[in-house]
Amino acid sequence: MTEAKPYQISKHLVLEAWKQVKANHGAAGVDGVSIETFEKDLKRDLYKVWNRMSSGAYFPSPVRLVEIPKANGGTRPLGINTIADRVAQTVVKMVLEPEVEPIFHSDSYGYRPDRSALDAVGKARERCWKFNWVIDLDIKSFFDSIPWSLIEKVVAHHTQLSWVRLYVKRWLLAPVERKDGILMERTCGTPQGSVVSPVTANLILHYAFDLWMQRTFPHLCFERYADDAIVHCRTEREAQIVMEAIRRCLAECGLALHPEKTRIVYCKDSNRREEYEHVSFDFLGYTFQPREARGRNGKRFTNFMPAISNKAAKGIRQTIRGWRTVLTGNAQWLKDLARLIDPVVRGWMNYYGRYYRSECVKVLHHVNEALARWVRRKYKMFEHPKTAAIYWLGRPANREPDILYLWKDRYQTDGWKIEAG
């Protein structure tokens with residue numbers, strides 16, 4: 001007779017969790033097991049995850065630490081779990097998320113179904129036209145600083161399943177393995193990159209920020225995407241008071257505002273003409289600042305609007321420069337090359353081109369320059385002058401704009417000044 005498992009976890013749930021992990025791809029963890037390797041004996045590997053979770057014998061492996069370069073020269077620590085641990089965490093996420101999603105605030109956008117960063121940017125854009133001032137909030141090392149006691153408390157508040165609480169605690173206790181193989185014990189925080197971290201992080205800030213703001217300053221608006229948030233205020237004095245109140249509230253939860261990155265911003269435009277030190281802020285890859293606009297009557301004026309940030313633009317240019325291998329590879333025809341780069345460019349245009357599109361177009365001008373370099377290498381007749389390759393690209397751009405997503409829109413083509421030679 002088979003002994004009953006202490007925890008009732010569906011095998012079907014484990015299978016569905018695996019499907020999500022596979023769809024998200026991702027690198028191998030400390031055990032070196034990739035998605036492809038795990039899938040070779042999928043039935044056995046998934047059974048091991050289910051059996052250990054159901055029996056209470058599941059203990060996570062250490063988290064592989066990867067340092068991701070930041071634009072300011074520093075690095076951001078990213079934790080890579082093993083494939084088995086990602087499946088187990090996804091099981092917990094699939095159980096916990098439906099319980100907590102209905103309680104989340106309408107202005108919380110990060111890692112939630114049917115909500116996106118662009119939704120948050122769009123709402124911030126509308127509110128910057130209504131409110132003169134913004135508090136640009138930056139929680140210092142948020143994911144690395146969350147007290148474990150708070151995570152365990154909010155998880156226990158929203159689930160009666162003892163195995164969910166048990167495994168969340170074990171994931172918190174899992175050490176981090178550095179590149180040199182040294183294991184580092186942790187005493188707080190949750191690894192950024194963990195499957196379950198976004199849910200627990202949202203839960204923490206739901207109580208520490210969203211509900212607190214709703215109770216304390218119900219007349220004000222905010223947008224929050226994970227730990228990235230902005231608050232709209234009517235006056236500079238009000239912004240100062242609210243910012244200090246937020247600072248005290250977060251401190252009670254063991255969190256701190258970054259002293260340099262957190263600041264008050266004036267949403268300057270044609271009707272707001274005060275002088276202030278800060279008149280721009282970055283939010284989710286967009287820079288909000290005064291920009292030239294044209295009214296329905298054709299008259300120009302200054303509006304406070306979002307456009308692709310310098311940081312995002314720099315990242316795109318670096319990515320395009322890194323295409324040298326692709327552009328010198330085996331692509332024999334322009335259509336072959338377009339098939340390789342088009343999905344990436346399409347993603348950039350769809351995200352960064354949503355607001356103040358012309359700024360995104362200027363950045364993506366570098367795509368055409370990269371293609372022109374490919375033309376010069378492939379066809380020696382276009383080496384000199386360099387503009388000849390650009391003119392040559394104008395022919396397929398105007399004749400077959402469907403080759404590249406960014407050529408479909410005539411406005412974009414004119415913006416790059418691609419002309420048929």
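Which residues of the largest nonpolar core touch the most other members? In this predicted model, they are Met53, Trp163, Phe209, Met213, Val231 and Ile246, in a core that holds 69 residues. Helix 9 supplies the largest share of this core, with 9 residues. In soluble globular proteins, nonpolar side chains tend to be buried together.

Confidence in the prediction was examined along the chain. The average pLDDT is 90, and 93% of the residues score at least 70. Over residues 411-416, however, pLDDT stays under 50. The model has 19 contacts beyond four places in sequence for this stretch. Where pLDDT is low, the predicted coordinates should not be read in detail.

An open sheet is built from 4 strands in the order 6-7-3-8, and the pairing is antiparallel. Strand 6 (221-225) and strand 8 (263-266) form the edges, each pairing on one side only. On average, neighbouring strands of the sheet are turned by 20° against each other, with direction ignored. Strand 3 (residues 133-138) and strand 7 (residues 228-233) run antiparallel and are joined by 6 bridges. Within this pair, Trp133 of strand 3 stands opposite Cys233 in strand 7.

Helix 9 (residues 197-216) lies across strand 3, strand 6 and strand 7. Relative to strand 6, helix 9 runs at about 175°. Met213, which falls within the residue range of helix 9, is in contact with Pro218, Leu220, Phe222, Val231 and Ile246, leaving aside neighbours within four places in sequence. Two of these partners, Val231 and Ile246, are named with Met213 among the core residues that touch the most other members.

Trp392 has its place in helix 15 (residues 387-399). Beyond four places in sequence, Trp392 touches Val375, Tyr379 and Phe382. Val375 lies 17 residues from Trp392 along the chain, and the C-alpha atoms of the two are separated by 8.4 Å.

The cysteines were then considered. The count of disulfides is 0, where a disulfide requires two cysteine sulfur atoms within 2.5 Å. For Cys221, the closest cysteine sulfur is in Cys233, at 9.9 Å, so the distance is too far for a bond. Cys221 counts as buried because its relative accessibility is 19%, and buried means under 20%. For Cys267, the closest cysteine sulfur belongs to Cys128 and is 4.1 Å away, which is also too far for a bond. Cys267 is buried, with a relative accessible area of 0%.

Backbone angles were also inspected. Most residues other than glycine have a negative phi. Ser141 is not a glycine, yet has a positive phi of about 45°. Ser141 lies in the loop between strand 3 and helix 6 (142-145), and is partly exposed at a relative accessible area of 43%. Tyr356, likewise not a glycine, has a positive phi of about 50°. Tyr356 is found in the loop that separates helix 13 (334-352) from helix 14 (357-378). With a relative accessible area of 22%, Tyr356 is partly exposed.

Notes: Residues are numbered from 1 along each chain as its sequence is written. This is a predicted model: local features need pLDDT of at least 70, side-chain atom pairs count only at pLDDT 80 or more; totals for chains, interfaces and linings use all residues. Side-chain values use heavy atoms; hydrogens and water are left out. pLDDT is the predictor's confidence in each residue, from 0 to 100. Contact means heavy atoms within 4.5 Å. Buried means under 20% relative accessible area, exposed over 50%, partly exposed in between (1.4 Å probe, protein chains only). Two strands pair if DSSP finds at least two bridges between them. Helices (H or I, at least four residues) and strands (E, at least two) are DSSP runs, numbered from the N terminus. Axes are lines fitted to C-alpha atoms, for helices over the stretch in contact, and angles run from 0 to 180 degrees between N-to-C directions. A nonpolar core is a set of buried Ala, Val, Leu, Ile, Met, Phe, Trp, Tyr and Cys residues joined through side-chain atoms within 4.5 Å.
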